[in-house]
Amino acid sequence: MTKAYLGIDIGSISTKGVVIDENRTIIARSYLWTEGNPTEASKNVVRELEAQLAEAGDDFQIVGAGTTGSARRLVGAMLGASVIKNEITAHAVGTTYLHPDVRTILEIGGQDSKIICVSDGIAVDYAMNTLCAAGTGSFLSSQAHRLGVEVEEFGDVALTSKKPANIAARCTVFAESDLVHKIQVGYAREDIIAGLCNAVASNYLNNVGKGKKIAAPVVFQGGVSKNAGVVHAFEEQLGMPVAVDPDGHLMGAFGAALLAADAGPIENAESGPFASGTFDFEAMLDFDFKTREVECNKCANHCEIICVYRDKDIIDSWGNRCDKGAVKTTA
């Protein structure tokens with residue numbers, strides 16, 4: 001039996017999963033749309049990973065799991081994960097493993113973006129976008145639809161532009177209004193697309209990257225990193241090379257898997273997919289649960305505590321900001 005570790009990154013737009021072996025090499029990978037249902041998306045990712053492992057033919061047995069992303073606690077309960085970490089930690093761990101000398105990590109996903117500053121392999125500073133989704137993957141997808149271009153073609157089209165249009169990108173409303181105006185006055189499509197790519201980079205640097213020291217080497221990741229036009233825009237505006245890893249869109253899941261490997265095999269699990277000692281795919285896929293929100297009135301915080309029930313047992317809970325609101329679980 002060859003030990004393997006599972007990592008899942010559940011985002012608002014996409015859900016990513018990887019399986020790594022004992023040498024920390026990715027042996028299975030999956031990237032699917034979340035479609036507003038993180039639990040079903042996670043199950044679909046697990047199904048795809050199981051199929052890839054079966055096709056590989058090797059005797060891999062998953063002995064640990066980690067989760068990250070916006071639904072990490074919920075999916076972590078489904079998996080019986082030993083490691084549940086925030087996106088900053090997972091992305092930093094994954095990136096520094098593959099790029100030990102990285103100093104700055106740029107990440108743009110479907111609805112959020114982040115910057116992580118690294119020193120000697122350790123994340124020392126970070127920032128995330130707040131309320132505005134301008135410059136994220138969902139923003140680019142909506143503009144691609146408006147222009148009648150597949151978002152996957154955006155980068156290649158942008159690189160053909162000789163004179164990119166100047167698109168205001170302080171927010172999605174201004175950007176869309178400006179884009180419509182450029183279309184109406186006859187700007188070439190490739191110039192508008194290149195202008196959008198430039199706007200994504202400038203919006204990121206002026207908001208998420210504001211006040212941060214961006215030092216080389218720089219690694220760009222997230223789904224938007226696959227857009228060659230945005231990569232080129234970052235290199236032009238930063239005046240330095242920007243590296244894109246082939247698995248950059250999976251880096252959160254890879255980091256979660258690495259953290260699970262560091263934690264070691266899950267032992268003595270009383271229930272869940274790891275009750276038999278190795279990951280039971282069917283047990284995870286058959287996972288049925290209910291969530292309930294409980295308001296704690298034991299102090300002035302009035303925390304909203306999320307409880308996850310399987311049958312009548314609470315298997316996990318989170319949301320309390322002090323020990324008074326702690327909920328005892330059977331897990």
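Me: How many residues does the largest nonpolar core have, and which of them have the most contacts inside it?
Reply: In this predicted model, the largest nonpolar core has 37 residues, and Phe220 and Phe234 have the most contacts inside it. A nonpolar core is a set of buried Ala, Val, Leu, Ile, Met, Phe, Trp, Tyr and Cys residues joined through side-chain atoms within 4.5 Å. Buried means under 20% relative accessible area, exposed over 50%, and partly exposed in between, with a 1.4 Å probe and protein chains only.

Me: Which elements each supply at least two residues of this core?
Reply: The strands are β6 (104-108) and β9 (218-221), and the helices are α4 (137-147), α5 (154-158), α6 (172-184), α7 (189-207) and α8 (228-238). Helix α7 gives the largest share, 10 residues. Helices (H or I, at least four residues) and strands (E, at least two) are DSSP runs, numbered from the N terminus.

Me: What is Phe234 in contact with, leaving aside neighbours within four places in sequence?
Reply: Phe234 is in contact with Leu106, Ile108, Ala201, Tyr204, Leu205, Phe220, Gly239 and Val242. Contact means heavy atoms within 4.5 Å.

Me: Which residues does the second core include?
Reply: The second core is separate and has 24 residues, with Val19, Ala65, Ala71 and Met78 among them.

Me: Before we go on, what should I know about numbering and confidence?
Reply: Residues are numbered from 1 along each chain as its sequence is written, and side-chain values use heavy atoms, with hydrogens and water left out. As the model is predicted, local features need pLDDT of at least 70 and side-chain atom pairs count only at pLDDT 80 or more, while totals for chains, interfaces and linings use all residues.

Me: Turning to helix packing, at what angle do α1 and α2 pack?
Reply: Helix α1 (residues 38-56) and helix α2 (residues 72-79) pack at about 50°, and their axes are 10 Å apart. Axes are lines fitted to C-alpha atoms, for helices over the stretch in contact, and angles run from 0 to 180 degrees between N-to-C directions. Helix α1 is therefore oblique to α2. Angles under 35 degrees count as roughly parallel, over 145 as roughly antiparallel, 65 to 115 as roughly perpendicular and the rest as oblique.

Me: Which residues make that contact?
Reply: From α1 they are Pro38, Thr39, Ser42, Lys43 and Val46, and from α2 they are Leu74, Val75, Met78 and Leu79. They divide into 6 nonpolar, 2 polar and 1 charged. Here Ala, Val, Leu, Ile, Met, Phe, Trp, Tyr, Cys and Pro count as nonpolar, Asp, Glu, Lys and Arg as charged, and the others, Gly among them, as polar.

Me: And how do α3 and α9 pack?
Reply: Helix α3 (residues 87-98) and helix α9 (residues 251-263) pack at about 85°, with axes 7 Å apart, so these two helices are roughly perpendicular to each other. The contact residues include Ala90 and Val93 of α3 and Phe254 and Leu258 of α9. The residues of this contact divide into 9 nonpolar, 6 polar and no charged.

Me: Is Ala92 buried or exposed?
Reply: Ala92, found in helix α3, counts as buried at 8% relative accessibility. Not counting residues up to four places away in sequence, Ala92 touches Ile105, Ile116 and Ala123.

Me: What about Asp178, buried or exposed?
Reply: Asp178 lies in helix α6 and counts as buried, at 17% relative accessibility. Leaving aside neighbours within four places in sequence, Asp178 is in contact with Asn166, Ile167 and Ala168.
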